[in-house]
Amino acid sequence: MKAVDEIRRELGEETVSTDPDDIEYHAFSDFTATNATEMPIAVVRPESTEQVSTIAKICTKYRVPMTPFGARSSVEGNFSSPYSGVCIDFCEMNKIIQFNPQDMDVVVEAGVNWMALNEEIKDSGLFLPPDPGPAAYIGGMVATNCSGTNAMRYGTMKDYVVNLTVVLADGTIIKTRQRPRKTSAGYNLNSLFTGSEGTLGIVTQATLKLAVLPTNLSIATAAFGSIHAAAAAANTMVLAGLPLTALELMDEAQMRTINQTGGTAGKMWVEGPTLFLKFSGTKSSVKDSAQAAQAICRQHGASTFDHVYTPKEMDQLWSARKLASLALVDAKPKDALMSGTDVAVPISRMADLIEESKAKATGLGLTNSVLGHVGDGNFHQALYFRPDETDKLKDCLDTMVQRAVEMEGTVTEGLLKELGPTTVGVMKALKDTLDPHWLLNPGKVFDE
């Protein structure tokens, strides 16, 4: 409370909140099962990098944990406060500082929403490609190295970071580099902070590369009789070199959930594993790619193939994928919790791991569903469980981690098993150097 009182004196009464409802909002989310039992003692809403620096200096002085907070849309629970402390909410730092269309980049504060940014600059013919949940802020997107459905064509957030302004644990403000797209000067600090979940420094501002908006798009969906058939069709498309912008998979349980929440724009879906495809390019290439994709899907036993071109039809079809996480939350039984996983394996092994993970959860009586970025071998499994079923949940997660590592993959829950103590030791040495008191988002990535 000494730290909170000092922050209030330095930044003003209106910047600090200790309202119980406000604190609870910043401690809990339906999107994740990794909510901590502890809550922050206060929520602080800074308006500038300098104010974040002041907060960090005071928190370091009193050894108070700091948890950066964005849109609360992360399924990994990056914003939870297992060691209490101060929650730093970036909702007031939401300015587009500088737009450079000739250089194809933009400078934004951490609290800018990515969809609002794209809407603001759309007349320039440019956009920021990563597309996580609709609510996500730029700061959180950098902190988690987010991807989204466009990752297959455009890459992940790390591919768009030109430079970052970062506040270190002691309040020091640094800028990782200047504005040219290419540099070999010094260490790549962008990669150090991107994906670090706010454990090494607090991102307050970012310069981001932009891409050219595609002029021609089309969307297709195809339903299959099994996960393996859908994955085989996806793999065939990738190997054939089809110019896909996105290649997504939703299993039969996920499609059933979409139907249970009313379908999309009146459309009820076949409740089988379904691929969602997005094409971009010239009109002729988009048409040719869709025809080739349809032929491949039919070869692998697809029961349906719907292909649309108009903006309204595309929005309606794609909304099933885009709103999948919201549908999962809506379908959650009242007395249940939801856990989400994030797993990536070589593309050829993805169907095996999905089916093994589904069978394990179902065998333990846990309702579950899967959606994935099939073009990258990445998928998420959502599991519903009751408080007395945490042992079953742990069994599922432990088995998934073990199998993913055996398949030369990666799981966010299994860093030590994946990389081993020596590599994790190097990471901890970086943490010790930049945050010697382990005050920045403690309990994330790894414990002491």
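Colleague: Anything to know before we go on?

Modeller: This is a predicted model, where local features need pLDDT of at least 70 and side-chain atom pairs count only at pLDDT 80 or more, while totals for chains, interfaces and linings use all residues. Residues are numbered from 1 along each chain as its sequence is written, and side-chain values use heavy atoms, with hydrogens and water left out.

Colleague: OK, Asn 163 then. Why is Asn 163 called buried?

Modeller: Asn 163 sits in strand E8 (residues 161–167). Buried means under 20% relative accessible area (over 50% is exposed, in between is partly exposed; 1.4 Å probe, protein chains only). Asn 163 has 2%, so it counts as buried.

Colleague: What makes the pairing of the Asn 163 and Thr 207 side chains a polar contact?

Modeller: A polar contact is a pair of N or O atoms within 3.5 Å; within protein, one must be able to donate a hydrogen and the other to accept it, and residues adjacent in sequence count only if both atoms are side-chain atoms. These two side chains are at 2.9 Å, so the pair passes. The side chain of Asn 163 also reaches the backbone oxygen of Gln 178, at 3.2 Å.

Colleague: Which residues does Asn 163 contact, beyond its neighbours in sequence?

Modeller: Contact means heavy atoms within 4.5 Å. Leaving aside neighbours within four places, the residues in contact with Asn 163 include Lys 175, Thr 176, Asn 190 and Thr 207.

Colleague: Thr 176 is in that list. How do you know whether Thr 176 is buried or exposed?

Modeller: Its relative accessibility is 11%, so Thr 176 falls on the buried side of the cut-off. Thr 176 lies in the loop between strand E9 (173–175) and helix H7 (189–193). Its side chain makes a polar contact with the side chain of Asn 190 at 2.6 Å, and one of its side-chain polar atoms lies 2.8 Å from the backbone nitrogen of Leu 164.

Colleague: Now helix H4 (residues 114–121). How do you know where its buried residues lie around the helix?

Modeller: The buried ones are Trp 114, Leu 117, Asn 118 and Ile 121. Looking down the axis of H4, they fall within an arc of 95 degrees, so they line one face of the helix. That arc is the one made by the directions from the helix axis to the C-beta atoms. Among the elements covering these residues are strand E5 (96–100) and helix H11 (311–322).

Colleague: What caps the N-terminal end of H4?

Modeller: Asn 113 does, with a side-chain oxygen 3.0 Å from the backbone nitrogen of Met 115.

Colleague: What makes helix H15 (residues 415–434) fall short of a straight helix?

Modeller: The expected span is 1.5 Å times one less than the number of residues. H15 has 20 residues, which would reach 28 Å if straight, but its end C-alpha atoms are only 20 Å apart. H15 also bends by about 90 degrees at Pro 421. The bend is the angle between axes fitted to the seven residues ending at a residue and the seven starting there.

Colleague: Last one: why is Gln 381 called buried?

Modeller: Gln 381, in strand E19 (residues 378–385), has 2% relative accessibility, so it counts as buried. Its side chain makes a polar contact with that of Asn 368, at 3.1 Å. Other residues touching Gln 381 include Ser 339, Thr 341 and Met 400.

Definitions and conventions: Helices (H or I, at least four residues) and strands (E, at least two) are DSSP runs, numbered from the N terminus.
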